[in-house]
Amino acid sequence: MKKVITFLMLAAMFAMTPAHAVVVQSGLKTPFLFTTDKTSKTAVVGDRLQGILLQDIVVGGVPVFKKGAEVVGIVSAVEKTRFLGKPGSLVLTDGTVKDANGVAHGMKFNYATEGQKRTLASALLTVGLIKGGDAKLPKDTAFEGITTSSFTFNPAK
């Protein structure tokens with residue numbers, strides 16, 4: 001009987017032990033999508049775009065990032081449309097993703113797009129007044145980012 005009680009006490013102690021801390025290496029892939037639209041017409045450098053993580057990310061058996069976690073992308077370059085058919089462009093390369101404890105971590109990804117070019121002939125026929133198209137980032141477009149630095153993650157109790 002004493003052995004059974006001792007076994008149950010040890011089992012209870014292990015059950016109450018919190019999950020272990022894990023080291024998350026830089027370069028961890030983080031699939032996400034933006035939940036807002038943005039175009040080169042309205043964007044300015046530094047604009048923040050909201051997004052969500054597409055799946056749980058587990059490291060060493062510990063859920064570090066949870067599906068639906070907040071992702072933020074930051075507009076790093078914008079060019080407005082110009083006359084003579086020159087299109088606008090939009091570039092995003094940096095952002096953050098929140099871990100399961102709500103702490104934001106740096107993330108890199110590459111997104112660059114350009115609007116539709118207008119031909120030089122059509123622009124010249126209208127005395128150069130035709131502008132190119134706006135660059136667009138449609139919402140619900142999937143991306144893959146990578147974490148930019150290593151960190152130790154301690155699961156919440």
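This briefing walks through strand pairing, backbone angles and salt bridges in the structure above. The model is a predicted one.

**Strand pairing**
- Lys-98 has Ala-104 of S9 opposite.
- S9 also pairs with strand S11 (residues 142-147), again in the antiparallel sense, over two bridges.
- Here Lys-108 stands opposite Ile-146 of S11.

**Backbone angles to look at**
- Five residues lie between the strands in the S8 and S9 hairpin, where Gly-102 has a positive phi near 85 degrees.
- Most residues other than glycine have a negative phi.
- Asp-140, a residue other than glycine, has a positive phi near 65 degrees, and its place is in the loop between strand S10 (136-137) and S11.

**Salt bridges**
- Lys-108 and Asp-94 form a salt bridge, with the closest N and O atoms 2.4 Å apart.
- Since Lys-108 is in strand S9 and Asp-94 in strand S8, this pair ties together parts 14 residues apart in sequence.
- Lys-108 is partly exposed at 40% relative accessible area, and Asp-94 is partly exposed at 28%.
- Lys-98 meets Glu-70 in a salt bridge at 3.4 Å, N to O.
- Lys-98 lies in strand S8 and Glu-70 in strand S7 (residues 70-79), so this pair links parts 28 residues apart in sequence.
- Lys-98 is partly exposed at 29%, and Glu-70 is partly exposed at 32%.
- Asp-47 and Lys-38 form a salt bridge at 3.2 Å, N to O, and both residues are buried.

Definitions and conventions
Residues are numbered from 1 along each chain as its sequence is written. This is a predicted model: local features need pLDDT of at least 70, side-chain atom pairs count only at pLDDT 80 or more; totals for chains, interfaces and linings use all residues. Side-chain values use heavy atoms; hydrogens and water are left out. Two strands pair if DSSP finds at least two bridges between them. Helices (H or I, at least four residues) and strands (E, at least two) are DSSP runs, numbered from the N terminus. A salt bridge is a side-chain nitrogen of Lys or Arg within 4 Å of a carboxyl oxygen of Asp or Glu. Buried means under 20% relative accessible area, exposed over 50%, partly exposed in between (1.4 Å probe, protein chains only).
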